[in-house]
Amino acid sequence: MVIMSPSMTFQPVLERIAGEIERTPGRGRPADYIPALAACDPRSFGMAVAELDGTVYGVGDWRQPFSTQSITKVFTLALDLAREGDELWEHVGREPSGNPFNSLVQLEYENGIPRNPFINAGALVVTDRLQTRTGDAAGELLAFLRAESGNASLDFDKEVAASESAHGDRNAALAHFMKSYGNIDNEVPVLLDQYFRQCSIMASCADLALAAGFLARHGSRADGSRLLTLTQAKQVNAVMLTCGTYDAAGEFAYRVGLPGKSGVGGGIIAIVPGRCTLAVWSPGLDERGNSVAGVAALDRFTTLTGVSVF
């Protein structure tokens, strides 16, 4: 183990991890149920660490944009929570689901209230509420990511959004079902368009590590202004730890020991409150939709550095 001292940089650790990942066989398979993602090379790998002051270290394909997918749910949650506070939690829970991310099963038993904001049903509710408050949830999210990452070229991927829309029947079913319980305000086609655009945003590991920095800074944005209260930042990190990697959140917490959020584009972000943020990308997924190499890399990072929340 290489325990990090305050004066050490993360670069040597990242380079060691990249070398280990390169020698690791078996990287999983890309998300072939979204045709626009199916062609990604599962052996691609990038990783970045951003310190609180915006210093970024990276290795591999860390500046290669990829489809962020469900990682954006963290940012949409923060943007809506900042606007409406605890009222949000009357419409979406904070408990692990124990079911696949696109499951319909629990909604009927729980009267249209999704178990947490990171499964698809919960993310649809959060996007719906942000849409009601802003009139353009996806646009609000994109502007935030551009500002926090310092990358004004971040944008939606129209091909990915169209691909998800063409194969989005399960999400449409979730939205209609929740609307029947009065838990969706906007018309379902409008909501789905916002949601698919949100998930299609292309960003790199460097972009995401910087953009997530407000969670490591206990709610403060890159410019020093406050997005979330200390309590709200704690809440988001807590839900990431318990619910951020679908029905593998317990295994992720056991191996990595950090709040994290994955996406089926192969990316994962992770937070070390008060210290730094991480982003890793490798498009080969396990059966639960998490990046095989990404989880392994984050596991090695916390093992080598001793940096975790535990």
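This section describes selected residues, nonpolar cores, cysteines and aromatic contacts of the structure shown above.

The structure is a predicted model, in which local features are considered at pLDDT of at least 70 and side-chain atom pairs count only at pLDDT 80 or more, whereas totals for chains, interfaces and linings use all residues. Residues are numbered from 1 along each chain as its sequence is written, and side-chain values rest on heavy atoms, with hydrogens and water left out.

The nonpolar interior was examined in terms of cores, a nonpolar core being a set of buried Ala, Val, Leu, Ile, Met, Phe, Trp, Tyr and Cys residues joined through side-chain atoms within 4.5 Å; buried denotes under 20% relative accessible area, exposed over 50%, and partly exposed the range in between, with a 1.4 Å probe and protein chains only. The largest nonpolar core comprises 48 residues, and F75, L228 and I269 are those with the most contacts inside it. With contact taken as heavy atoms within 4.5 Å, and with residues up to four places away in sequence not counted, L228 touches A78, L81, A82, F214, L215, H218, G219, A233 and V236.

A78 belongs to helix 3 (residues 72–84), where helices (H or I, at least four residues) and strands (E, at least two) are DSSP runs numbered from the N terminus. The relative accessible area of A78 is 0%, so this residue is buried, and, under the same exclusion of residues up to four places away in sequence, A78 touches F214, L227 and L228. The C-alpha atom of A78 is separated by 37 Å from that of P25, although the two residues are 53 residues apart along the chain. H218, by contrast, is located in the loop between helix 11 (213–216) and helix 12 (230–243) and is partly exposed, with a relative accessible area of 37%. The phi angle of H218 is near 60°, a positive value in a residue other than glycine. A positive phi, of about 55°, is also found for N111, which is not a glycine and which is placed in the loop between helix 4 (105–109) and helix 5 (120–134).

A further loop residue, N290, is situated between strand 7 (276–281) and helix 14 (292–305), and its relative accessibility of 2% means that N290 counts as buried. Polar contacts were defined as pairs of N or O atoms within 3.5 Å, where within protein one atom must be able to donate a hydrogen and the other to accept it, and where residues adjacent in sequence count only if both atoms are side-chain atoms. The side chains of N290 and S262 are joined by such a contact of 2.5 Å, while the side chain of N290 also reaches the backbone oxygen of T245 at 3.3 Å. Apart from neighbours within four places in sequence, the residues in contact with N290 are T245, Y246, A248, S262, G284, L285 and V295.

Aromatic pairs were assigned to rings of Phe, Tyr and Trp (its six-membered ring) with centres within 6.5 Å, planes under 30 degrees apart counting as stacked, over 60 as edge-to-face and the rest as tilted. The structure holds 8 aromatic pairs. In one of them, the ring centres of F66 and W281 are 5.2 Å apart and the planes lie at 5°, so the pair is stacked. Because F66 lies in strand 3 (residues 66–67) and W281 in strand 7, this pair ties together parts that are 215 residues apart in sequence. F66 is buried at a relative accessible area of 4%, and W281 is likewise buried, at 6%. Ring pairs also link F10, Y57 and F301 into a cluster.

A charge was taken to sit over a ring if NZ of Lys or CZ of Arg is within 6 Å of the ring centre and within 35 degrees of the ring normal. R63 lies over the face of W62, at 4.1 Å from the ring centre, and the charged end of R197 sits over the ring of F156, 4.5 Å from its centre.

Finally, a search of the whole structure for disulfides, defined as pairs of cysteine sulfur atoms within 2.5 Å, finds 0. The cysteine sulfur closest to that of C40 is in C205, at 13 Å, and is therefore too far for a bond. C199 is in no disulfide, its nearest cysteine sulfur being that of C40, 15 Å away. C40 counts as partly exposed at 27% relative accessibility, whereas C199 counts as buried at 2%.
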